[in-house]
Amino acid sequence: MNNIVWTIASSDSSAGAGIQADLLTFHDLGADGCSVISAVTAQNSLSVKLVESVSEKMFTQQLASLAEDMPAKVIKIGLIASVEHVKILAQQLALYKQTWTHKPFVIYDPVAVASTGDDMTEEGITAVIKTELLPQIDLLTPNANEVLSLSGHALISGESFKPAAEKLISMGCGSVLIKGGHFELVDEVALDYWSDGVREIALTSPRLENVHTHGTGCTLASAIAATMALDYFIEDALVLAKSYLNQGLKNSKALGVGEGSVAHCGWPTDRADFPEVVLPESKIGYELDLQGSLEAGPGFEPCDTIKLGLYPVLDSVEWLERVLKLGVKTLQLRIKDKQPEQVEQQIIDAIALGKKYNARLFINDYWELAIKHDAYGIHLGQEDMDVADLPMIADAGLRLGLSTHGYYEMLRARQLKPSYIALGHIFETQTKDMPSDPQGLTRLSKYANLMSDMATVAIGGINLERAPAVWQCGVGSIAVVTAITRAEDPKQVIERFNHIMQ
């Protein structure tokens with residue numbers, strides 16, 4: 001499948017927004033960009049002098065030419081200044097979704113007013129957007145003014161984000177990202193809020209002062225489009241786009257005497273540019289109150305090192321004892337799909353063995369039994385984070401490891417200040433059904449770099465042949481399952497893994 005992204009937007013003669021900013025962003029993040037120009041603008045850093053829509057024939061033919069030969073995986077829409085263009089586009093999007101083999105994901109950044117304050121669209125266009133275009137949109141990315149124009153909801157507090165998003169979703173779009181960069185919920189925090197009517201995500205970053213902001217909306221929406229074309233889930237795309245925008249704002253500059261443009265600086269890698277991830281409905285770790293402030297949770301006991309080394313994940317006490325005798329110091333007991341009373345004795349025996357060999361033994365899932373019998377630590381998957389009593393685990397002094405499968409889950413887990421974060425699954429694995437595709441070494445390297453100040457564990461399909469490349473990604477531990485349990489000589493395999501990680 002290709003990574004083609006279309007941008008359907010206006011040309012900006014100052015090159016800071018519109019088609020120019022979109023194509024720069026696609027290229028910067030590794031997607032393949034195509035463009036449909038809806039209008040040509042004459043503008044500089046001070047004002048928009050003229051907006052002139054292309055002819056309906058030209059607009060339609062651009063769409064038809066690309067659809068014939070270069071269909072898009074993701075379509076990003078910016079300024080559509082003509083009422084007729086909105087109608088044409090809505091009809092074509094409906095056709096693409098019905099006839100293309102791969103239904104495109106459509107993102108709409110509803111530009112109507114330039115950052116200079118100039119109105120850029122025809123009178124009456126908002127009504128047509130509401131009735132015809134919004135039902136074809138998978139992700140709408142309005143700012144506070146655009147939320148008011150489309151939904152009638154004024155963003156006056158943290159409480160107002162959710163009903164505004166719900167109103168927009170009721171009008172037909174699949175999900176909404178309300179951009180809070182221009183909305184001063186609190187002086188220090190820029191809050192973006194996403195919802196699809198079922199899930200909701202809040203991303204917060206320190207509010208940046210004395211930066212140039214021309215092209216922020218175009219760049220953010222284009223970054224979401226590019227990363228989704230690269231097969232990142234929407235949650236990860238939102239995180240990456242906000243990170244990309246943050247670094248672009250920090251490096252922005254003016255070319256004229258007025259407002260300057262966002263910079264395009266490549267894939268985001270600096271932890272300082274990444275947002276904090278908060279689930280507003282969750283009471284885990286951080287709580288987002290109605291004023292938008294964050295309250296940190298207590299965190300968990302650290303391990304004695306962030307280099308945990310070889311980390312076997314085993315399903316029996318017998319295997320635990322076997323690898324402990326071979327010198328392994330970090331390991332996990334993972335027994336799946338059993339009732340607590342069926343596994344309690346095994347957990348008691350495992351904890352005793354861990355203490356006997358002075359090892360870091362983590363119990364998977366059965367956190368209540370782990371607390372009851374004074375385990376060293378607990379490992380939880382993403383699905384368990386919302387049901388386990390994390391404050392109780394922290395108060396008991398147990399270590400906590402958390403599974404993650406991408407940027408969003410990784411940063412969400414980081415909020416809890418766990419003892420380590422597991423990054424996976426790296427390769428295809430036969431030990432369990434996974435909710436995501438394999439991450440691969442390129443993504444693993446980026447994750448490990450971002451989390452370099454804490455203990456990280458790579459997991460999923462790792463064997464001796466793959467281990468050297470995995471270790472070079474910068475993780476502090478490699479988790480294995482079948483590489484040991486199916487080995488003819490587990491002792492030799494453990495020694496070879498240890499040699500690799502030295």
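Start by selecting D231, which sits in the loop between α7 and α8 (234-250). Keep in mind that you're looking at a predicted model. Check the backbone here: phi of D231 is near 75 degrees, a positive value in a residue other than glycine. Is D231 buried, partly exposed or exposed? Its relative accessibility is 49%, so D231 counts as partly exposed; the cut-off for exposed is over 50%.

Now step back into the helix that D231 comes just after. Select residues 216-229, and you have α7.

Next, jump to D337, in the loop between β14 (330-333) and α10 (340-356). Here is another positive phi in a residue other than glycine, near 60 degrees. D337 has 78% relative accessibility, so this residue counts as exposed.

For a peptide-bond stop, pick G424 and H425: the bond from G424 to H425 is cis, with omega near -20 degrees. You'll find H425 in the loop between β18 (420-423) and α14 (440-450).

Finish on some strands. Select 32-43 for β2 and 48-53 for β3; they run antiparallel and are joined by five bridges. The hairpin between β2 and β3 goes through four residues. To see how the strands line up, zoom in on V40, which stands opposite E52 in β3.

Key:
Residues numbered from 1 in each chain as written. Predicted model: local features only at pLDDT ≥ 70, side-chain atom pairs only at ≥ 80, totals over all residues. Heavy atoms only, no water. Helix = DSSP H or I, 4+ residues; strand = E, 2+ residues; numbered from the N terminus. Expected span 1.5 Å × (residues − 1). Pairing = 2+ DSSP bridges. Buried < 20%, exposed > 50% of the residue type's maximum accessible area, 1.4 Å probe, protein only.
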